[in-house]
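Have the model open as you read.

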Amino acid sequence: MTRIVIIGGGPGGYESALVAAQLGAQVTMVEQDGPGGACVLTDCVPSKTLIATSVRKQALLDAPSLGVAFSGGPDGDAGVVGVDLPLVNKRVKELAQAQSADIATRVEAEGVEIIKARGRLVDPQVVRAGDRTIRADVVLVATGATPRIMPTAEPDGERILTWRQLYDLEELPEHLIVIGSGVTGAEFAGAYRSLGSEVTLVSSRDRMMPNEDADGAEVLEEVYRRRGMNVMGRSRAASVKRTADGVVVTLEDGRTAEGSHALMTVGMIPNTSGMGLEEAGVQLDRGGFVKVDKVSRTSAPGVYAAGDCTGVLMLASVAAMQGRIAVWHALGEAVQPLRLSTVASNIFTDPEIAAVGVAQRAIEAGEIEANVVKLPLATNARAKMQGFNDGFVKVFCRPHTGIVLGGVIVAPRASELILAMSVAVQQRLTVDQLAHTFAVYPSLSGSITEAARRLMQPGVSI
């Protein structure tokens, strides 16, 4: 029986453990924090739970435009919609713990041994887990990553925070300054603005989320500004210091911004130091990320890696797929290499931004030839009924064959809507096939089939 030891219990770890156990391997998972890892306990699950609360509150604030008024407000306005932050954070933590417990139950039901300890490689076939030494035929490293810390902005857990420290706050920040306008910064900035905090978003680039779809980022920034957020573009933070009752952020150009709290969202560093990886022959890149190939192999025989510690794409879905691919390959199963062109992603802002396949910047740069259709969400009947005015559906296809190459959706629950385009990209469907698929009327998904109809190839039948 093949013995597999997995270091790390996040999506890259526990999903691969399930596959390995189901294929008959003897599996041990080493995780120091708890099943689900940081993704479930401190990062993805807690943040999306908090965001769900903020979206619900924003819906209440927007309700008067649909004819729903709340008592207590003057002249029929919405009145005061309060937030009980201790209760919100209690729910966040309890939900994370419950999800971790569910994962533990599921994994242990498959016969996987879970060791609560920090794991490290002794050599490619030996793992040290606490006071135990385990010999393995295959080792999978899935240790994740940790928020990057600026030396000039050391978090103190009270006023200067990483996103893992937010859930200990007892009161809503009066004025939250978010440093970093990538996906994480944009998500938390929007959430706390909807919850009621004054928010300043400090972006070092000329727009929010510079690595994401430009049209989507533009829509979101417009929404944020309309909701009262101060978005500071081309403003790189140099330092953050505590004051008597808050923080002061000093920018590289000498300007300052003052607030009650600062949230640092300036990237991630891999959890690879002190693990004996390089000593065991596992190559790391200059940033400390584990180098892997398309089937998750490292440079050390029998050692694989998956998830954020590889730096491939820091998404839970990618980590899980990397882990599954590693196990399938290690156990001799049929396997397809990881195809990043088929990865669907979502930014859990309000509205959400989901994308799959090629990016428009690649099309504009001439790297890929494609036809593009973009439909504003405001023309969709269901969007009008629900009062959704911001967003769009965008579809890319090959000019001659009509094969769907990708797309972007900016809308409420875009994370659910993107599946149709994800299937189309994965299965190499054409816009004609997508256009001939029934969509419910009225529905937001109807904009996907409408976009496909506008891209249909003349003279093509299915």
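Predicted model: local features only at pLDDT ≥ 70, side-chain atom pairs only at ≥ 80, totals over all residues.

The axes of H3 (residues 44-62) and H5 (residues 183-195) sit 8 Å apart, at an angle of about 45°. That makes the two helices oblique to each other, and H3 goes past H5 in a left-handed crossing.

Now move along to H6. At the start of H6, Asp 213 has a side-chain oxygen within 3.2 Å of the backbone nitrogen of Asp 215. Asp 215 is itself buried, and the other buried residues in H6 include Val 219, Leu 220 and Tyr 224. Just after the helix, Gly 228 has a positive phi of about 100°.

What about residues other than glycine? Most of those have a negative phi. Met 209, in the loop between strand E11 and H6, goes positive at about 45°. Arg 234 also has a positive phi, near 50°, and lies in the loop between strands E12 and E13. Met 209 is buried, with a relative accessible area of 1%, whereas Arg 234 is exposed at 62%.

Finally, look for two cis peptide bonds. One runs from Asp 350 to Pro 351, with omega near 5°, in the case of a proline in the loop between strands E19 and E20. Another joins Tyr 441 and Pro 442, with omega about -5°; Pro 442 is in the loop between helices H11 and H12.

Definitions and conventions: Residues numbered from 1 in each chain as written. Heavy atoms only, no water. Buried < 20%, exposed > 50% of the residue type's maximum accessible area, 1.4 Å probe, protein only. Helix = DSSP H or I, 4+ residues; strand = E, 2+ residues; numbered from the N terminus. Polar contact = N/O pair within 3.5 Å; in protein donor to acceptor, adjacent residues only side chain to side chain. Axes fitted to C-alpha atoms, helices over the stretch in contact; angles between N-to-C directions. Parallel < 35°, antiparallel > 145°, perpendicular 65-115°, else oblique. Left-handed = near helix turned anticlockwise from the far one by under 90°.
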